[in-house]
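Subject: Structure handover

Hello,

Here is the structure I promised you. Please open it next to this email and follow along.

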Amino acid sequence: MRASQFHLFTLKEAPSDAEVVSQKLMLRAGMIRKVAAGIYSYMPMGLRAIRKVEAIVREEMDRAGAMELIMPMVQPAELWDETGRWDKMGDELLRFKDRHERDFALQPTSEEVVTDIARQELKSYRQLPKNFYQIQTKFRDERRPRFGVMRGREFTMKDAYSFDRSEEAAGRSYDIMFAAYKRIFDRLGLEYRAVAADTGAIGGDRSHEFQVIADTGEDAIVYCPDSDYAANIELAEAVSLLARRAEPARALAKAPTPGKATCEDVAALLGVPLATTVKSLVLATDDVDEKGKPAGVTVWLLLVRGDHALNEVKAGKLEGLKAGFRFATEAEILEHFGCKPGYLGPIGLKKPVKVIADRTVAHMADFICGANEADFHFTGVNWGRDLPEPDQVADLRNVVEGDPSPDGRGVLAIQRGIEVGHVFYLGTKYSKAMNATFLDEDGKPKHFEMGCYGIGVTRILGAAIEQNHDARGIVWPRAIAPFEVVVCPVGWGKSQAVRDEAQKLYDALVATGVDAILDDRDERPGVMFADWELIGVPHRVTIGDRGLKEGVIEYQGRRDAEAAKLPAGEVLGHVLERLNQG
Ligand code: ATP
Ligand code: MG
């Protein structure tokens with residue numbers, strides 16, 4: 001490829017609404033162009049990188065025995081009704097009507113369509129296992145599209161769906177996908193972690209996210225440097241930080257804490273560690289009777305230590321809260337606690353509430369909590385003595401750095417990650433809802449055991465850049481780079497010798513299968529270098545008259561501090577060697 005023929009378009013400054021570095025650099029490098037919020041054109045430079053990711057994903061999916069198909073972007077409401085997701089999905093599902101007033105949606109994912117295919121075409125256990133995948137445009141009307149291609153509304157996803165005879169066989173399909181994902185992210189040259197993830201209503205432990213490590217990631221991932229424990233913070237188990245509850249040592253007392261409505265402020269005022277305070281969070285559930293009619297409200301008081309944070313995913317799994325909870329209204333709080341938020345606690349309630357204590361809180365003695373009276377807190381609070389034992393003790397909090405690992409083998413560390421892939425065992429959730437069955441060996445119909453497996457193809461570009469960039473621009477891993485090598489002739493318009501040498505090197509690179517570009521724009525070196533460093537091409541060769549007279553050509557790796565002068569005859573070998581290093 002010659003740069004003069006390619007559509008090269010770079011910007012000195014990113015548009016002011018670009019928030020994160022990957023988005024800024026992709027816009028500046030001319031890889032994407034914004035059309036509407038979360039909706040982008042993939043420009044030629046960006047598309048080259050996308051195609052490279054797709055090719056690796058496709059190769060590894062094929063190698064793992066999955067079969068590629070394409071399901072429609074536009075999907076009929078009837079299928080989505082069968083699983084109830086037409087109603088349940090919320091506003092992320094973009095719904096619209098055709099000219100006949102029939103309801104359709106743009107696919108955010110394709111469980112319904114693929115399960116419909118399976119129930120029509122997979123009749124016998126002999127056809128199983130099967131895994132269908134597509135690399136297709138998805139649309140999710142995200143509440144907050146942001147960070148460019150990382151949280152778009154329209155984006156490209158690889159989604160695969162496995163169909164198996166039994167749970168055991170589905171486990172094998174899952175393991176095969178897990179291994180394929182490892183190969184994919186290894187080949188892409190990204191630093192990543194596979195972490196255990198929440199399985200929601202499906203349950204079990206077969207859900208893993210593949211997270212690219214980057215400080216700007218939206219996810220917190222928890223891992224143990226001394227073992228292979230790794231989990232999304234949503235799931236990571238928080239153990240009690242106190243082995244057992246100490247005997248009460250202090251008397252219950254009420255301390256004035258005027259205007260101090262947070263644990264931090266109270267601890268500072270009283271001059272005690274934050275870890276001696278307890279935070280009150282009030283939730284509510286709207287109860288229904290057997291007929292599904294509203295039957296009042298239950299108020300829940302969740303207690304976590306002052307320096308800990310409530311984990312809403314964990315709360316959402318507790319008995320009583322599973323069916324859905326919300327934060328209590330100010331009126332509900334007043335009615336039950338007789339006090340406004342900021343001074344709430346489990347002692348002296350106006351009306352009964354269900355008290356759930358975090359494991360650590362249940363082991364605390366002589367702690368501090370709100371007194372249910374504005375501007376007052378209790379100190380020296382002890383379970384059993386000053387208030388009844390909690391109704392329930394549960395893991396309610398996010399783990400924090402330094403917590404003991406739940407596998408008992410060291411302490412936990414936390415880092416940020418960008419979720420680029422997800423493997424998930426679905427069980428019979430969709431096959432039951434859509435009555436998708438096959439005939440098993442015993443001649444009886446059986447529901448398919450399913451799994452689904454996503455990879456955010458376009459998000460990978462953003463994640464790769466978040467992980468690999470510097471002040472000058474993108475630093476692509478070779479596997480994703482839109483071009484692997486750029487040949488920069490200095491004085492293209494003036495010097496026949498430079499033109500010949502540049503063309504010769506370019507031809508030789510292409511002949512060995514290298515994806516190279518020849519910058520024949522006749523630009524000054526500074527302009528060429530700035531462009532290619534911004535675009536992130538991993539290897540650059542500069543050919544100029546002065547060097548040629550001495551028989552040398554300059555090579556610079558994108559991560560190298562300085563260019564190296566090499567004898568002209570050794571340049572090709574050197575570039576190939578560096579390419580092989582990744
Ligand atoms: P998130 O928690 O980031 O919203 P998700 O759990 O909704 O992700 P999945 O439904 O598992 O994501 O989708 C599979 C993959 O698709 C994700 O791992 C991610 O890489 C990608 N993906 C999801 N939503 C988006 C989006 N809005 N823009 C770009 N890629 C996305
Ligand atoms: Mg999502």
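Is isoleucine 56 buried or exposed? Isoleucine 56 is buried, because its relative accessible area is 8% and buried means under 20%. You will find isoleucine 56 in helix α2, which covers residues 44-63. Isoleucine 56 and serine 207 are 151 residues apart along the chain, and their C-alpha atoms are separated by 23 Å.

One thing to keep in mind throughout: this is a predicted model.

Now the ligand.

Ligand 1 sits in the largest pocket. Its shell holds 14 residues. The closest are Arg140, Glu142, Arg151, Gly152 and Glu419. By class, the shell has five nonpolar, four polar and five charged residues. Which strand gives the most to this shell? That is β21, with four residues. Both β8 (154-164) and β21 (413-427) supply at least two residues each.

Look at the polar atoms next. The side chain of arginine 140 has an N or O atom 2.9 Å from an oxygen atom of ligand 1. Glycine 152 uses its backbone instead: one of its polar backbone atoms lies 2.8 Å from a nitrogen atom of the ligand. How much of the ligand does the protein cover? On its own, ligand 1 has 590 Å² of accessible area, and the protein covers 80% of that.

Next, some backbone details.

Start with the peptide bond from leucine 128 to proline 129. This bond is cis, with omega near -5°. Proline 129 lies in the loop that runs between α5 (111-121) and β7 (130-139).

Then check two phi angles. Glutamate 101 has a positive phi of about 65°, although it is not a glycine. Phenylalanine 147 is not a glycine either, and has a positive phi of about 60°. Where do they sit? Glutamate 101 is in the loop between β5 (95-97) and β6 (103-106). Phenylalanine 147 is in the loop between β7 and β8.

Phenylalanine 147 counts as buried, at 11% relative accessibility.

Last, two loop residues with side-chain contacts.

Serine 495 is in the loop between β27 (485-490) and α13 (496-511). Serine 495 has 6% relative accessibility, so it counts as buried. What does its side chain reach? The side chain of serine 495 reaches the backbone nitrogen of alanine 497, at 3.3 Å.

Aspartate 515 is in the loop between α13 and β28 (516-518). Its relative accessibility is 17%, so aspartate 515 counts as buried. Which side chain does it contact? Aspartate 515 and lysine 52 are joined through their side chains by a polar contact of 2.5 Å.

Best wishes

Terms used. Residues are numbered from 1 along each chain as its sequence is written. Chains are lettered from A and ligands numbered from 1 in the order in which they are written. This is a predicted model: local features need pLDDT of at least 70, side-chain atom pairs count only at pLDDT 80 or more; totals for chains, interfaces and linings use all residues. Side-chain values use heavy atoms; hydrogens and water are left out. A residue is near a molecule or strand if one of its heavy atoms lies within 4 Å of it. A polar contact is a pair of N or O atoms within 3.5 Å; within protein, one must be able to donate a hydrogen and the other to accept it, and residues adjacent in sequence count only if both atoms are side-chain atoms. Accessible areas come from the Shrake-Rupley method with a 1.4 Å probe; for residues, only the protein chains shown count as cover. On a 1 Å grid over the protein atoms alone, a cavity is a set of points where a 1.4 Å probe fits but cannot get out, and a pocket is an open set with protein on both sides within 12 Å along at least five of seven lines; lining residues have an atom within 4 Å of a point. A molecule sits in a cavity or pocket if more than half of its atoms lie within 2 Å of its grid points. Ala, Val, Leu, Ile, Met, Phe, Trp, Tyr, Cys and Pro count as nonpolar, Asp, Glu, Lys and Arg as charged, and the others, Gly among them, as polar. Buried means under 20% relative accessible area, exposed over 50%, partly exposed in between (1.4 Å probe, protein chains only).
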